[in-house]
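Biologist: Please go through this model with me, term by term. I would like each label set against its cut-off.

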Amino acid sequence: MIMFELDQRISEQLTEVSLNSSVQVRCGNSNAFMVTASTMIPLMQMFEMGGVYICATRGAVEIIEAFEAIGVDVSNIQFVDLVSSGILGGTDVDRPNITFIDSPIMLESVLLRTLYILRTSNTERNFVLIDSVNALAIYNEERMLAEYLHTFINTFRQREVLSVILNVPDQVPPMVLSNLDLYCTDLIDRGQVVIH
Amino acid sequence: MQPATVYSRDRCITGIHGMDEILRGGIPYGSTVLAAGTCGSGKTTLAMEFLVRGALAGEACAHFTATEPSVKLLENIRQYAFFDMNMIDSGLINVFDMDVLYSWLGLDKASFDLDDVHALIKAIVDIVNTIGVTRLVIDSVTTLCYKIKSEQLIRDFLFTLGKKLATLGCTTILISEITSATENAHWSSFGVEEAIADGIIVMGDVERMGHLLRFLQVVKMRGTSHSRAKHAIELTPLGVMLTPMLKWGAVNDKTSRWGS
């Protein structure tokens, strides 16, 4: 197992958010997984939440294996994988907690699939995490992505599901970023590259 | 001064996720609604869920299938968690093969005349009346109307059937198959169904950068205000789920497979 140090300040910040919050999590290129894990682990372990992890940056298997490598069980989390269908053979995976969507451009399908998973969830308190806005911005036009995030955040806020939106701010289209600043109730800013 | 009372028609609550919200409470009771869509757009699933939700509320429902045998229909629908075969066994959902009905009525012929059409209407209405059906689906009215050669007869058939079912308090979904993809949209194969129906729900695909997204749009529904926006749909094991389509998506989306 790989030794891994979590950013404790993130878990402290998370104690202040409520279920109908929407948290913008900013990270850098080199600390993205550390920031993601430092956000996810307290949500799962401290707050005993279930959730949906929307994988647009990397395939779900890779993310699950990264968590397993640091000794974190994510079998209780459902993964919506937007990447692997674009890779021939990428969906040939035998993991019950992964569902695949054909493409990151099918944004409405991502929302509906996430809502479906939450309807079938036994967990009382849930989060939805988008990893990441940057990856979605590769495929989706700026105004459409801004509109989508607006819909997404409000949909889950209304349903008392915590939304966590991961982004690398200096690479996010300006309109999307300024809108995220407006919609999100909380900001966890680890956007600076951290050199250990 | 007393405020003016606003009359509102009683509704048939579809129970389909998002649908009653679009219809501001449901389909007005006794309406005949045309569900028009391309192949694979989810018409049969939507209609079957409409019946299942009714059956769960204790309503008697009927499904007349003309496009596929009932055995095949039930095998396909069994994969959905919302469906329970007990609803068939207990008689809450009654599935009828149109071919069998034609045989009973001695209508084993290529085309129907006025008497045949009246016999067919009487048979359907008798079934509805006997069982006390409050939710009915005919899948599809297009296949059925292929046997009726004159446009006037199709009009008479649909108008009379709709009127009689409405009198019995039966809310009906007529499934209409549409195929081609030009700009001059029609929502029925014969052009008369859409004029007679109380409501029209259009289902199809939009193409976004080479991918097909299913959509649903309520174009018309007499007796209720309703959203006319295009909604994305997903056919999940729990049933149909809907969300409004992204407005900026329309800039690139091509409505590729409906209309004629």
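Biologist: What makes both faces of β1(A) count as covered?

Modeller: On one side A:S22, A:Q24 and A:R26 are buried, and on the other A:V23, A:V25 and A:C27 are buried. A residue is buried if 20 or more other C-beta atoms lie within 10 Å of its own, exposed if 12 or fewer, and partly exposed in between, with C-beta atoms placed from the backbone. Strands (E, at least two residues) and helices (H or I, at least four) are DSSP runs, numbered from the N terminus. In general, side chains in a regular strand alternate between the two faces of the sheet.

Biologist: What are the numbering and the confidence limits here?

Modeller: Residues are numbered from 1 along each chain as its sequence is written, and chains are lettered from A and ligands numbered from 1 in the order in which they are written. The model is predicted: local features need pLDDT of at least 70, side-chain atom pairs count only at pLDDT 80 or more, and totals for chains, interfaces and linings use all residues.

Biologist: How do you know which strands β1(A) pairs with?

Modeller: Two strands pair if DSSP finds at least two bridges between them. Five bridges join β1(A) to β6(A), residues 162-167, and the two run parallel. Five bridges also join β1(A) to β7(A), residues 186-190, again parallel. A:V23 has A:V164 as its bridge partner in β6(A) and A:D186 as its partner in β7(A). A:S22 is bridged to A:S163 in β6(A).

Biologist: Why are β4 and β7 of chain A called edge strands?

Modeller: Seven strands of chain A form an open sheet in the order β4-β3-β2-β5-β6-β1-β7, with parallel pairing. The strands β4 (98-100) and β7 each pair on one side only, and that makes them the edges. The twist from one strand to the next averages 15°.

Biologist: Which strands does α6(A) touch where it packs on the sheet?

Modeller: α6(A) touches β1, β5 (126-131) and β6 of chain A, and its direction makes about 150° with that of β6(A).

Biologist: Why are α6(A) and α7(A) called roughly parallel?

Modeller: α6(A) and α7(A), residues 174-183, pack at an angle of about 15°, with their axes 9 Å apart. Axes are lines fitted to C-alpha atoms, for helices over the stretch in contact, and angles run from 0 to 180 degrees between N-to-C directions. Angles under 35 degrees count as roughly parallel, over 145 as roughly antiparallel, 65 to 115 as roughly perpendicular and the rest as oblique. The pair is therefore roughly parallel. The crossing is right-handed; that label applies if the near helix is turned clockwise from the far one by less than a right angle, and left-handed if anticlockwise.

Biologist: What makes up the contact of α6(A) with α7(A)?

Modeller: Its residues divide into eight nonpolar, two polar and two charged. Ala, Val, Leu, Ile, Met, Phe, Trp, Tyr, Cys and Pro count as nonpolar, Asp, Glu, Lys and Arg as charged, and the others, Gly among them, as polar.

Biologist: How do α6(B) and α8(B) pack?

Modeller: α6(B), residues 114-131, and α8(B), residues 151-167, pack at about 20°, with axes 10 Å apart. They are therefore roughly parallel to each other, and the crossing is right-handed.

Biologist: How many residues of each chain are in contact with the other?

Modeller: 18 residues of chain A are in contact with 15 residues of chain B, where contact requires C-beta atoms, placed from the backbone, within 7 Å. α4(A) gives the largest share of the chain A side, nine residues. That side divides into nine nonpolar, two polar and seven charged residues.

Biologist: Is A:E48 buried or exposed, and what marks its backbone?

Modeller: A:E48 has 11 other C-beta atoms within 10 Å and is therefore exposed. Its phi is positive, about 50°, although it is not a glycine. B:R24 also has a positive phi, near 50°, but with 13 other C-beta atoms within 10 Å B:R24 is partly exposed.

Biologist: Which peptide bonds are cis?

Modeller: Among them are the bond from A:D131 to A:S132, with omega near 5°, and the bond from B:D139 to B:S140, with omega near 0°.

Conventions:
Contact = placed C-beta atoms within 7 Å.
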